[in-house]
Amino acid sequence: MRYKLTFVAGLALGYVLGTRAGRERYEQLRKSARQVSQNPAVRNTAETAAQQGRAIAGKAFHTVSEKVGDRVPDSVTDRVRSLRSRNTNGTAQDDWGTSNT
């Protein structure tokens, strides 16, 4: 989902930079983008998708950990431990070291 949003944002940016319509079209696109991003339905959908992604990633992590066990290289194990212990802004973090907010 994040890659699709990045692609769409890049596409919009390319259009804005490449268009010859001028400032008026730029302002129109900017206003539309702001309206979409501030729409409660869009925000709720994005948050739901993020929560589902974190849940699936956590399940995948545990499944892989159970199957792979001690065969994971120490460098990977150390990296996962450092991500788990890191708490940058006081919020709870999932198994991937990302914030749950």
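In this predicted model, a polar atom of the Ser-37 side chain sits 3.0 Å from the backbone oxygen of Arg-34. Ser-37 belongs to helix H2, residues 23-38; helices here are DSSP runs of H or I with at least four residues, numbered from the N terminus. With a relative accessible area of 40%, Ser-37 is partly exposed, a label that covers the range between buried (under 20%) and exposed (over 50%), using a 1.4 Å probe and protein chains only.

A word on the ground rules: residues are numbered from 1 along each chain as its sequence is written, and side-chain values use heavy atoms, with hydrogens and water left out. Because the model is predicted, local features need pLDDT of at least 70 and side-chain atom pairs count only at pLDDT 80 or more, while totals for chains, interfaces and linings use all residues.

Next come the charged pairs. Side chains of opposite charge can pair when their charged atoms come close. Searching the whole structure turns up two salt bridges, each defined as a side-chain nitrogen of Lys or Arg within 4 Å of a carboxyl oxygen of Asp or Glu. One joins Glu-27 to Arg-30, at 3.3 Å from N to O. Both partners are in helix H2, three residues apart, or about one turn of the helix. Glu-27 is partly exposed at 31% relative accessibility, and Arg-30 is partly exposed at 36%. The other bridge links Arg-54 and Glu-47, at 3.5 Å from N to O. Here Arg-54 is buried, with a relative accessible area of 17%, whereas Glu-47 is partly exposed at 31%.

Then there is the open space. The largest pocket holds about 460 Å³, a volume being the space filled by probe spheres set on grid points joined across faces, edges and corners. A pocket is an open set of points on a 1 Å grid over the protein atoms alone, where a 1.4 Å probe fits, with protein on both sides within 12 Å along at least five of seven lines; lining residues have an atom within 4 Å of a point. The lining comprises 17 residues, with Val-8, Ala-9, Ala-12, Ala-33 and Val-36 nearest the centre. Helix H1 (2-18), H2 and helix H3 (40-68) each give two or more residues to this lining, and H1 supplies the largest share, seven residues.

Notes: A polar contact is a pair of N or O atoms within 3.5 Å; within protein, one must be able to donate a hydrogen and the other to accept it, and residues adjacent in sequence count only if both atoms are side-chain atoms.
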